[in-house]
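I am opening a notebook page for this structure. My entries follow the order in which I looked things up.

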Amino acid sequence: MDVTVDVGSPTPPYEQIRAQIAAHVQGGLLPEGSRLPTMRALAADLGVAVGTVARAYAELESAGLVASRRRTGTVVTGGVSPGTGQERVRAAAEELARAAREDGVDESTVLAAVHAALVRVAAQPGM
């Protein structure tokens, strides 16, 4: 699992962690049953306080994406359900990623294009 924290970002570190893990779960990179790193281990890897990771995990749990269990730690419980819009979006994202890689388009350009498309669609009447 690849999670990073940008200390220069205006987004709080716990939110960066939450968003990245949620994206991994919803994108199918972390399937149901996958164990997340312990809070202490992830905090040490990212150079953040354990409380920061704890808050991210708590928000993921309240969203129904993970569950904290005594003996097994934090485990993925949710994700992409077959037949949902998320599955369609995930498939489109994978196709976009393949096309970008084939055409040599870098990640930041792809992410900026997707963000711009989301903003344009949200601004359309009736959306």
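This is a predicted model: local features need pLDDT of at least 70, side-chain atom pairs count only at pLDDT 80 or more; totals for chains, interfaces and linings use all residues.

Entry 1, the core. I looked up the largest nonpolar core and found 19 residues, with Ile17 and Ile21 having the most contacts inside it. Helix H1 (13-26), helix H2 (39-46) and helix H3 (50-62) each give two or more residues to this core. I noted that a nonpolar core is a set of buried Ala, Val, Leu, Ile, Met, Phe, Trp, Tyr and Cys residues joined through side-chain atoms within 4.5 Å. Helices are DSSP runs of H or I with at least four residues, numbered from the N terminus.

Residues are numbered from 1 along each chain as its sequence is written, and side-chain values use heavy atoms, with hydrogens and water left out.

Which residues does Ile21 contact, leaving aside neighbours within four places in sequence? I listed Met1, Val3, Leu30, Leu36, Leu42, Tyr57 and Leu60. Contact means heavy atoms within 4.5 Å.

I placed His24 in helix H1. Is His24 buried or exposed? His24 counts as buried because its relative accessibility is 15%; buried means under 20% relative accessible area, exposed over 50%, and partly exposed in between (1.4 Å probe, protein chains only). Not counting residues up to four places away in sequence, I found that His24 touches Met1, Asp2, Val3, Leu29 and Leu30.
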